[in-house]
Amino acid sequence: MRIEATVNGKPHQHDVEPRLLLVQYVREVVGLTGTKIGCDTSSCGACTVLVDGESVKSCTMLAVQADGSEITTVEGLAAGDEFHPVQAAFHEHHALQCGFCTAGMLMATVSLLDEIPNPTERDIRLGLEGNLCRCTGYHNIVEAVLAAAESRR
Amino acid sequence: MIPAAFDYLRARSAEEAVAALREHGDDAKLLAGGMSLLPLMKLRLATPAILVDLGRVREFSYVRDAGEHLAVGALTRHRDLETNELLADQCAALRAVAAEVGDSKVRHRGTIGGSVAHGDPASDLPALLLALDATFVVRGPGGERTVPVREFFHGFLETALEPDELLTEIQVPKLPGAGFSYQKFQRRAQDWAIVGATAVRNGGTRVALVNMGGTPLRATGVEESLAQGASPAEAAQRAAEGTEPPGDLNATPDYREHLGRVLVRRALEAASA
C-alpha cells in the first residue's frame, strides 16, 4: 500500500506491506536508526516517536496507520548543531548511562512537556511510565526533565 | 516480531466498516487504536485475513451530554477521556480510570471502544463500566441495538458483539459528586492489573472486580452486605464470592482472592472518604 508521511519535516512516499510496523518503517525504510527496538511488546518505550506531536510506541503501530501523519524521531529534535532543550538538559544532567532508552525517553519527554509545561516530579514519573531504563537511571532523567521544563519557561 | 500477512482496508464510515465485516465475517477484525490487537497479531495469537482500520472514522470520537446520560463515542481515546472537562463534572470516575490504562503512549492511541470490545477481564475500563451500569450501542447490518453492560461480557475475549457488528457508543450515567475509587495492583507501573477493584458510591454502592474471572465481575456479595449495613471491612470479606480467579506467573487463585478482599476494602474506604 502506498503511504505518504512527513518524517522530521521531510515528505516521504513509499509502498509498504500493511503488516510493516512503524518502527521498521522509520528504521529500515526511511533509514533513521536512532529509534530503537527494545522489548518489541509495547512495554519498554525505546521505540517512542511522535505521531502528529504525540508520543506513541512505534513497535505497536502499523506504518499504514501513520499514512498522512507527521512523524518526529530523535533525529528530528536538534536544529542543526544546536541541541533541542530536552537533549541539552539530558546532556547537562547526565540523564543516560548505556543510552539505549534515551531516544525513547527524549521523545516521551517532549510530548510530556507539551501536555504539562510545568510538571511536578510526580507528573514526570507518571508521564514517563512505560519508558524503562534498565540502568535504572531514573533519578537523573527526572532531574533533566525538570531542568528542561525550567529552560523552556 | 512481525504480524502474519493480512489485507488492509481503511474504513471511512461506520457503514463501510459494517459492510466489510458483513462481506468477510470471521476473517475480518476491526482495528481501533490497536493497543490490544496489534500485540496479539505480533505474537500470532490473532491472524486476521483482513484488518478493517477505524482510525480515520472520527464521527465516533466524542463525549456528549445526552440529557439523561453521557454519551461517549467508542473511538474516543483514553487521552481524550482523561482530559475531558464534561467528565470531570459529571462522571469523574471514568476520567480517573481512563488515566490508569497502560501508560501515556498507550493512552494516546488506545480507545474506550477498543478496550471494551476486546473483552479482556484484566482491562481497567470494563469493570468500571460494570459498576456504572453502562449501556453499549452496537451497529450491525440490520441497524442499531443497545446492550446493557451486564449482558455484554460473555467470557475471556468474548462479548455480545456479532462478527458483523461494530460498537459505536458507550452510555454512562451522570454522577456529579459521586464517591469512587479504583484500586489497581500491579508489578510495574504500566502493567495490567493482577487484580483491580472499583467502587462507585451514589446513594448505594456498586463494586466491580478486574481480573478475578473470565469477565469483569460485580462483587454482588459485597454490595449485599453494604446494603444490610455492614462496614467496608466486613463487606470486603465477601469480595471473592462467585469469582473464579485465574492462576498465572503473577499470582495463584488464592492470592488473587486475598487481593480482591484487600483492594475492595481499600476502594470502599477511599470511595467513602
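Q: Which strand holds Glu144(B)?
A: Glu144(B) sits in strand β7 of chain B. Before we go on, residues are numbered from 1 along each chain as its sequence is written, while chains are lettered from A and ligands numbered from 1 in the order in which they are written. This is a predicted model, where local features need pLDDT of at least 70, side-chain atom pairs count only at pLDDT 80 or more, and totals for chains, interfaces and linings use all residues.

Q: What counts as a strand or a helix here?
A: Both are DSSP runs, numbered from the N terminus: helices are H or I with at least four residues, and strands are E with at least two.

Q: Back to Glu144(B): what does it touch?
A: Leaving out residues up to four places away in sequence, Glu144(B) touches Val137(B), Val138(B) and Arg139(B). Contact means that the C-beta atoms of two residues, placed from the backbone, lie within 7 Å.

Q: Is Glu144(B) buried or partly exposed, and why?
A: Glu144(B) is partly exposed, because 13 other C-beta atoms lie within 10 Å. The cut-offs are 20 or more other C-beta atoms within 10 Å for buried, 12 or fewer for exposed, and in between for partly exposed, with C-beta atoms placed from the backbone.

Q: And how far is Glu144(B) from Glu165(B)?
A: Their C-alpha atoms are separated by 9.2 Å, and the two residues are 21 apart along the chain.

Q: What holds paired strands together in general?
A: Strands of a sheet pair through backbone hydrogen bonds, either parallel or antiparallel.

Q: How many bridges join β6(B) to β7(B)?
A: Six bridges join β7(B) to strand β6 (residues 135–140) of chain B, and the two run antiparallel. Across that pair, Val137(B) stands opposite Thr146(B) in β7(B).

Q: Zooming out, what is chain B built from?
A: Chain B has 11 helices and 14 strands. Buried residues make up 51% of its 273 residues.

Q: What about chain A?
A: Chain A has five helices and five strands, running β-β-α-β-β-β-α-α-α-α from the N terminus on. Of its 153 residues, 48% are buried.

Q: Which residues of helix α1(A) are buried?
A: In helix α1 (residues 22–29) of chain A, they are Leu22(A), Val23(A), Gln24(A), Tyr25(A) and Val26(A). The buried residues of α1(A) pack against β3 (48–51) and β5 (70–72) of chain A.

Q: What do β3(A) and β4(A) form together?
A: They form a hairpin with two residues between them, and Asp52(A) in the turn has a positive phi of about 50°. The two strands pair in the antiparallel sense over four bridges, and Val49(A) has Val56(A) in β4(A) as its bridge partner.

Q: How many residues does each chain bring to the contact between them?
A: Chain A brings 21 residues and chain B brings 23. On the chain A side, β4 (54–57) and α3 (102–115) are the elements that give two or more residues, and β4(A) gives the most, with four.

Q: Last one: how confident is the predictor?
A: The complex gets an ipTM of 0.97 and a pTM of 0.96 from the predictor. For chain B, the mean pLDDT is 96, with 100% of residues at 70 or more; pLDDT is the predictor's confidence in each residue, from 0 to 100.

Key:
Pairing = 2+ DSSP bridges.
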